[in-house]
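Morning, everyone. I'll walk through one model, part by part. Here it is on the screen.

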Amino acid sequence: MLEYKSSYFNMVVPLMRHAIASRCGRDLARVCARGARPIYRDLLAKAPNVGRNNPMEHNIYMAIALFSMQLSSGGRLSVEDFAACAQDMMGLPIMRLMGIGRDFSDPRTLAKYDKTFHEDEQWRLDHLGEIDCSWEYHFDGKHRDGVSYYFTHCPINDFCRANGLLDLLPAMCAIDYPMCRLEHGVLHREHTLATGGPCCDFWIVGDKVENPK
C-alpha cells in the first residue's frame with residue numbers, strides 16, 4: 001500500500017487532461033479527469049510499499065495518476081490513445097522547463113546523474129527491511145559515453161502485472177525517451193520488463209555525441 005499523496009495527482013492530471021482534450025476532445029478529457037481521483041486512491045491502496053521518501057517514488061505515483069485517467073474513461077480512451085496522449089503530454093511547453101540547465105553532453109550533468117543513481121540504489125539497500133520492493137539498479141560500465149544502468153526489478157511492473165494493467169505499462173516505459181530528450185539526451189534501449197525482457201536498460205548519451213560507444 002502507498003500513502004495517499006495528492007501532489008502527484010494534482011500535477012499530472014491537468015497536463016494529461018490537456019493532452020487528451022487536444023487529441024481526443026474536451027468531453028473525453030473531462031470524463032477522464034472527473035472520475036480519476038477515487039480510482040487513484042484505490043490503486044494506491046493496491047500498490048506495493050516502496051518506502052516513505054523513496055527517491056524514486058515519484059515514478060509510481062505519476063504512473064498511477066495516469067492509469068487512473070485511462071480507467072476513469074470506462075474504455076473510451078483506448079490503450080493506443082492513452083499512450084499517444086502520454087507522449088503529447090511530455091511535449092507540452094511546461095515540460096521543457098524541466099530540462100533547462102541540464103545537458104547529457106555536459107560532464108557535470110553526467111557526474112550528477114551517476115551520483116544520483118548510485119544514491120538511489122544505496123537507499124534501497126539501506127531500507128530493505130522496511131519496503132516491499134524498489135527499483136533495483138545495476139551498473140555494468142560497458143559504455144564509454146553517457147551513463148548506463150539497468151533495472152532487474154521495477155515496482156510499477158509488479159503493480160501492473162498484479163492488477164491487470166500490463167497493457168498500459170509500455171506507455172510508461174515509452175515516456176523515458178522524451179524525458180531524456182528534455183535534458184538533451186538520447187536513450188538507447190534493448191529491453192523492458194513490461195514486454196517480458198530480463199531488465200529495463202538505460203544508456204543515455206548527449207544529443208550532440210556522434211557515434212556513441
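Let me start with a loop residue, Arg102. Arg102 sits in the loop between helix H6 (93–96) and helix H7 (107–126). Helices here are DSSP runs of H or I with at least four residues, strands are E runs of at least two, and both are numbered from the N terminus.

Before going on, the ground rules. This is a predicted model: local features need pLDDT of at least 70, side-chain atom pairs count only at pLDDT 80 or more, and totals for chains, interfaces and linings use all residues. Residues are numbered from 1 along each chain as its sequence is written, and side-chain values use heavy atoms, with hydrogens and water left out.

Back to Arg102. The cut-offs are under 20% relative accessible area for buried, over 50% for exposed, and partly exposed in between, using a 1.4 Å probe and protein chains only.

What does Arg102 touch, leaving aside neighbours within four places in sequence? Thr109, Lys112, Tyr113, Glu183 and His184. Contact means heavy atoms within 4.5 Å. Two of these partners also pair with Arg102 through polar side-chain contacts. With Tyr113 the distance is 3.5 Å. With Glu183 it is 3.2 Å. A polar contact is a pair of N or O atoms within 3.5 Å; within protein, one must be able to donate a hydrogen and the other to accept it, and residues adjacent in sequence count only if both atoms are side-chain atoms.

For scale, take Arg102 and Met172. They are 70 residues apart along the chain, and their C-alpha atoms are separated by 22 Å.

Met172 takes us to the core. The largest nonpolar core has 64 residues. Those with the most contacts inside it are Met16, Ile20, Ile64, Phe67, Phe82, Ile156 and Met172. By nonpolar core I mean buried Ala, Val, Leu, Ile, Met, Phe, Trp, Tyr and Cys residues joined through side-chain atoms within 4.5 Å.

Look at Met16. Beyond four places in sequence, Met16 is in contact with Leu66, Met69, Phe82, Cys85, Ala86 and Met89.

Now helix H1, residues 6–24. H1 has 19 residues and reaches 26 Å from first C-alpha to last, close to the 27 Å expected at 1.5 Å a residue. That expected span is 1.5 Å times one less than the number of residues. The buried residues of H1 are Tyr8, Phe9, Val12, Val13, Leu15, Met16, Ala19 and Ile20. They pack against helix H2 (26–34), helix H3 (36–46), helix H4 (57–72), helix H5 (79–90) and H6.

Take the H1 and H5 pair. They pack at about 115 degrees, with axes 8 Å apart. From H1, the contact uses Val12, Leu15, Met16, Ala19, Ile20, Arg23 and Cys24; from H5, it uses Asp81, Phe82, Ala84, Cys85, Ala86, Asp88 and Met89. The axes are lines fitted to C-alpha atoms, for helices over the stretch in contact, and angles run from 0 to 180 degrees between N-to-C directions.

Next, H4. How many of its 16 residues are buried? 12, so H4 is mostly covered. Its buried residues pack against H1, H2, H3, H5, helix H8 (155–162) and helix H9 (169–174). Gln70 lies in this helix. Gln70 counts as buried because its relative accessibility is 9%. Among its contacts beyond four places in sequence are Phe82 and Leu168. Just after H4, Gly74 takes a positive phi of about 65 degrees.

Ser134 lies between H7 and strand S1 (136–138). Ser134 is buried, at 6% relative accessible area. A polar contact of 2.9 Å joins the side chains of Ser134 and Asn54.

Most residues other than glycine have a negative phi. Asn53 has a positive phi, near 65 degrees. Asn53 is in the loop between H3 and H4, and is exposed at 54% relative accessibility. Asn211 also has a positive phi, near 50 degrees. Asn211 is in the segment after strand S4 (200–206), and is exposed at 63%.

That's it from me. Over to you.
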